[in-house]
Amino acid sequence: MSLVGELVVLLVNGLQTGAIYVLLAIGLSIILGTLKFVNFAHGALYVVGAYIGLLITQQISIANGQLAEWGFPTLGLGWGFIAALVIVPPIVFVVGLAMERFVARPFYDRPDTDQILVTFGLAIVVQELIHALIGPRSYTYDIPSEIAGGIPFSGPVGVPLSAVTIDVWRVWVIAITATLVIAVYAIVEYTDFGLVVKAGTRDPEMVRLLGIRITRPYLVMFGIGAGLAGVAGVVGAPLSNINPEIGMTILVPAFLTVVIGGVGSIRGAVLGGTLIGMVQVTLISLGTVSLGSLSINFTPWAQVGIYALAVVVLLTRPQGLLGSEEVTA
Amino acid sequence: MSLLELDAVDSYYGQSHILRDVSMRVEEGEICALLGRNGAGKTTTLRSIAGARPPEVRTGRITYKDRDITDMETEDISVLGISHVPEERRVFANLTVEENLHLADVVKNRSNTWGRDLDFEHEGQSIEQILEDFPRLSERQQQMAGTLSGGEQQMLAIARALKQSTDLLMLDEPYEGLAPQIIETVEGAIERIRDEGTTVLLVEQNAVAAMKIADRCYVIDQGSVVFEGPAEELRNDEETRERYLGV
Ligand SMILES: Nc1ncnc2c1ncn2[C@@H]1O[C@H](COP(=O)(O)OP(=O)(O)OP(=O)(O)O)[C@@H](O)[C@H]1O
Ligand SMILES: [Mg+2]
């Protein structure tokens, strides 16, 4: 292995890990920045996406869940990963619409603490529901055969390097994320829809006085954020095991991404997520480093590294790297 | 049938009873001025008509184009052709001048108004006309509205309303904070859209300026209508002017 090759692998892994955070953070950040809604149930959307994706992709056997007792010892469509990737986002989009309408909307004018309580409660309900129905065990996604291979990478032309292999499927995750991010960015920045949402952030009554129904754009915006979280669930799950608790686990780096990037900023979410992904992957792959008699294993410090990054950013730029200073949420 | 009719309207902010038995008519094609002292209830009247809440209209009826709009939502009233410029320069500080002006046209994009009744006859002023009227805005189209001066923000709020397609334009203290020369421009624009057929309901502290361009006037005091008649009549009615307007 060459240094260049290792760095390329590191970059790809870091971007891919970061991509999951980016997908999650965009919805979280927009909902927080424009609708001023603190959504602790955003991770629940990720779990829902991951489980629906799992059930579409493959067949699973249910060990300790109610569903087994109700006559479904095995469950799942076995349609493959690509099918999940296509079907899950619209489903979670609709789940997001329902969440906006029945959970978020009644709480827009309530204090942050109320919003946190209700969404945190919802996240726990979802977690326990999955726990009860499908059981506590962890499932693994098979990396889809369509995109399971590797790309041999041997460095720039003419430079003799021993080759490394880049996982095709990681490149896929990065590409899918990039496409979606660009699409959402374009919608928010260049359409009337985005304009109305931004105007509504400041003065919803004036928007309505201009004849514009603000509830509809809010609803759709929430749905888009949810759909992205669903995509994150599908593309993120093969990386780790799936269990009912992953929604809560992933919420922490997702919020840190928002905080580092700046609330309400899509570009900030991209930057924040990428940084977190890179820091995490770098620390994990450093492994054990020996300096004379001192040897440190960096892998367990990956999580600490993310927090350290957040602390440094917040101390130097409290509004986040690309956040505008006015946002107070 | 008048374009807009208020029939014995009573409006409240919570427990406080503000408008008492207010009846008014605004005729198509006129400039109607609503005058009165501070706290008389002028803003409350406009907000009641526009469906902005609070206040709450508890009794009485507001009819516009033969339709009962008393309990309709603000945005639905707006697309029937009532545009309301509230007091205090409500521009979107986080958007550019150009984007603020563009918001006046969003209702023409059917994805937002899909499934709702639209009913306006008079096209708004063209962007060219508006930029000609307000050269200061023209020079600052890419500037964030929040960084405009107070007077420029007021111009922007008025310009945005002029750009809306509307049959009844309600202006709450449009001259507030504007230099005399700009007031003339605004007066000119109001008279022009009146001549093009749009009806105007004008609320002003500056009663003299309002009476100058108004066809008819209402004077309101402590939430009740105390005078109704042609502007000419109010100009000649010294007692009413002194008692209720202080001029
Ligand atoms: N949101 C509110 N809650 C309670 N009372 C209000 C509210 N808004 C206005 N009022 C009261 O209603 C009365 C009428 O107010 P309104 O704003 O209609 O007056 P106005 O004629 O527009 O005065 P001005 O010329 O000062 O703008 C006032 O006594 C005011 O204190
Ligand atoms: Mg007022």
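How exposed is F40(A), going by its relative accessible area? In this predicted model, F40(A) comes out as partly exposed, with a relative accessible area of 22%. Its ring partner is F255(A), which counts as buried at 18% relative accessibility.

**Aromatic pairs in chain A**

Across all chains, the structure holds 6 aromatic pairs. Here are two of them:

| Pair | Type | Centre to centre | Angle between planes |
|---|---|---|---|
| F40(A) and F255(A) | tilted | 5.1 Å | 45° |
| F81(A) and Y141(A) | edge-to-face | 6.3 Å | 85° |

F40(A) sits in the loop between helix 1 and helix 2 of chain A, while F255(A) belongs to helix 10, 215 residues apart. As for the other pair, F81(A) lies in helix 4 and Y141(A) in the loop between helix 5 and strand 3 of chain A, so parts 60 residues apart in sequence get tied together. Both F81(A) and Y141(A) are buried.

There's also an aromatic cluster made up of F37(A), Y108(A), Y218(A) and F222(A).

**Charges over rings**

In chain A, R101(A) lies over the face of F102(A), 5.6 Å from the ring centre. Over in chain B, R58(B) does this with Y12(B), at 4.0 Å from the ring centre.

**The sheet in chain B**

Chain B has an open sheet of 6 strands with mixed pairing, in the order 6-7-8-3-9-10. Strand 6 and strand 10 are its edges, each pairing on one side only. From one strand to the next, the twist averages 15°. Helix 8 of chain B packs on this sheet, touching strands 3, 7 and 8. Strands 3 and 8 run parallel, joined by 4 bridges, and A33(B) has L202(B) as its bridge partner.

Conventions. Residues are numbered from 1 along each chain as its sequence is written. Chains are lettered from A and ligands numbered from 1 in the order in which they are written. This is a predicted model: local features need pLDDT of at least 70, side-chain atom pairs count only at pLDDT 80 or more; totals for chains, interfaces and linings use all residues. Side-chain values use heavy atoms; hydrogens and water are left out. Two strands pair if DSSP finds at least two bridges between them. Helices (H or I, at least four residues) and strands (E, at least two) are DSSP runs, numbered from the N terminus. Axes are lines fitted to C-alpha atoms, for helices over the stretch in contact, and angles run from 0 to 180 degrees between N-to-C directions. Contact means heavy atoms within 4.5 Å. Rings of Phe, Tyr and Trp (its six-membered ring) pair if their centres lie within 6.5 Å; planes under 30 degrees apart count as stacked, over 60 as edge-to-face and the rest as tilted. Buried means under 20% relative accessible area, exposed over 50%, partly exposed in between (1.4 Å probe, protein chains only). A charge sits over a ring if NZ of Lys or CZ of Arg is within 6 Å of the ring centre and within 35 degrees of the ring normal.
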